[in-house]
Structures are given as C-alpha cells and as structure tokens.
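Subject: Structure handover

Hello,

Here is the structure I said I would pass on. My notes on what was found in it follow below.

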Amino acid sequence: MTTLPFDPRPRRAAFRALHAEGCFVLPNPWDVGSARYLHGLGFAALASTSSGVAWSQGKPDGQLSLDETLAHLRDLAAATPLPVNADFGDGFGADTTAVERAVEQAIATGVAGLSIEDARGDAAAPLRPLDEAVARVRAARAAIDRSGEDVLLIGRAENFFVGRPDLDDAIARLRAYAAAGADCLYAPGISTRAQIEAVVAAVAPKPVNLLVGSAVPFTLQDIAAMGVRRVSVGGAMARSAWGGMMRASTLLANEGRFDGFADAASGAALNQLFR
C-alpha cells in the first residue's frame, strides 16, 4: 500500500464500530476546508460527494476521472483525523478486473469505506443488469479482502435516482449486493417512512444508509427509530454553498446590489478556523 501520512487502521476500526448500533450523521464535504469545518463541529465521520467535488472543478457530476477522484480522496482523508467514506461511482472500470484495480487504489488513499453503485449513465437503460451489478460488487469485495484492510463496502441501488422508482427491484438489488459482500446498503432517493422501513427490514441485520438531501419531515431521532444506521447528505451542503454564491452574484450582476453578502461568514472567523 502507498505510504500514508497517517495510520488508517484506527479510523477504519472506528468507522466499522459506528455501524454496529445507533444512528450517526455522515456529512459530505467537498474540499479540505469544508472537511475541516465539519470536523470542528464534532461529527464522527465524513463522506465524499462526487457531485460536490465535480462542481468545484467546473464539471457535472460523474465526470471526474479516476485519477482526479483518487487525488480528492487523498486530500480529504488527510484533512482531518476522521474516517472518510468514498463516493466511488460505479467503480471506475469497464469490467470487473478494472473495478478491482480501481478499488485497490481507493483503499490506498486511506479511506475507511467506499460505495459501488449500479447506475451506468445510459438514459435509455440507466441501471446495470443485476448480474453485472453484482459482479462489480463482488470485484470490489475481492479487492478489499485481498488488501487485508478493514474497509467497509457499501452497495448502492440507484433506482430512485435514475427515474426508475421501483422499490421491489431496489430491494432485490440491495439483497443481492449484501449477499455479494456489501457491508452496508444504500438506496438513495427513498424518502417515505414506508420505503425506508421496508429497505431496513429487507437487508437486516446489515446497516442502511439514508440520503437526506433536502428539508424533510423527519428528525434524526425519527430516522433512527426507523432502524437507519447512518444518514448522509450527498451534495446538499455543496448545493447550499452554491445557492448562497449564486444568489449574491445574481443580485450583483442584475441589480447592482450587495444584499446577498448579508449572511456571509466572517473572514476573521474563517481565518481563525484554519489557523
């Protein structure tokens, strides 16, 4: 494994322990500064966001290369002492051999977990066939096992994210990913109590990640009572930051007004944070 500026083993052990009981929030920074800020708020772990980092590079979600993604993961993992879960797309490989190689490289960045999703970027057929998706999860599992590192593997069913909101199919996929070696299951886009509880029950006792990317009627306590183990926010924090910048700049460009700076963070506070 590539030499790291830290020992990833304690982080990986702590990350696995977080999944054993209770419910924790896994916020998604998009750069080193946002990671350090979230660490300062007391969160126990962080997760990357493919969309957030892509936007910061002037690209749409899903357009970062493997090398760009690995560089970002190295920066994020080194930014704080917290475990980091990698949003690792579909595994960055045309076949399972390539997925294994990519996952090996992701492990070498020091991350404590990584996800493999079943979307394939084809509008006509946005989900991979189940056997193909399962093979990619198995490839990721094989790479982790071969490394000897305690890195969590998250299997993602993208049905609700790609316009195919079929709960039964999503559950069938998650069960298959669990059988293929996924430690944690994730169906981004499910949002109702019935959907969430159905997913939790279907893959129990394995932990479930819930995406909350907008204002919802549930509190964290409500979500924990449904049996969810961890809650991530995806690109929501990056979108919130972009929202503030877009409002301020639009007012300035269209009306010559500076009102959009009213809620800006203090420069002195930011300098103190990063000192």
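The second largest pocket has 13 lining residues, and W30, S34, M237, A241 and A265 are the ones nearest its centre. A pocket here is an open set of points on a 1 Å grid over the protein atoms alone, where a 1.4 Å probe fits, with protein on both sides within 12 Å along at least five of seven lines; lining residues have an atom within 4 Å of a point. Its volume is about 460 Å³, where volume means the space filled by probe spheres set on the points, with grid points joined across faces, edges and corners.

This is a predicted model, in which local features need pLDDT of at least 70 and side-chain atom pairs count only at pLDDT 80 or more, while totals for chains, interfaces and linings use all residues. Residues are numbered from 1 along each chain as its sequence is written, and side-chain values use heavy atoms, with hydrogens and water left out.

Helix 2 (32-40), helix 10 and helix 11 (267-274) each give at least two residues to the lining of the second largest pocket; helices are DSSP runs of H or I with at least four residues, strands are runs of E with at least two, and both are numbered from the N terminus. By class, this lining holds nine nonpolar, three polar and one charged residues. Nonpolar covers Ala, Val, Leu, Ile, Met, Phe, Trp, Tyr, Cys and Pro, charged covers Asp, Glu, Lys and Arg, and the others, Gly among them, are polar.

Elements that supply two or more lining residues include helix 4 (66-79), strand 3 (84-87) and strand 4 (113-117). Helix 3 gives the largest share, four residues. The lining divides into 17 nonpolar, 18 polar and ten charged residues.

S51 is also in helix 3. S51 has a relative accessible area of 9%, so it is buried (under 20%, with exposed over 50% and partly exposed in between, for a 1.4 Å probe and protein chains only). Leaving out residues up to four places away in sequence, S51 touches D61 and G235 (heavy atoms within 4.5 Å).

Finally, R11 lies over the face of F6, 3.7 Å from the ring centre (the criterion is NZ of Lys or CZ of Arg within 6 Å of the ring centre and within 35 degrees of the ring normal).

Regards
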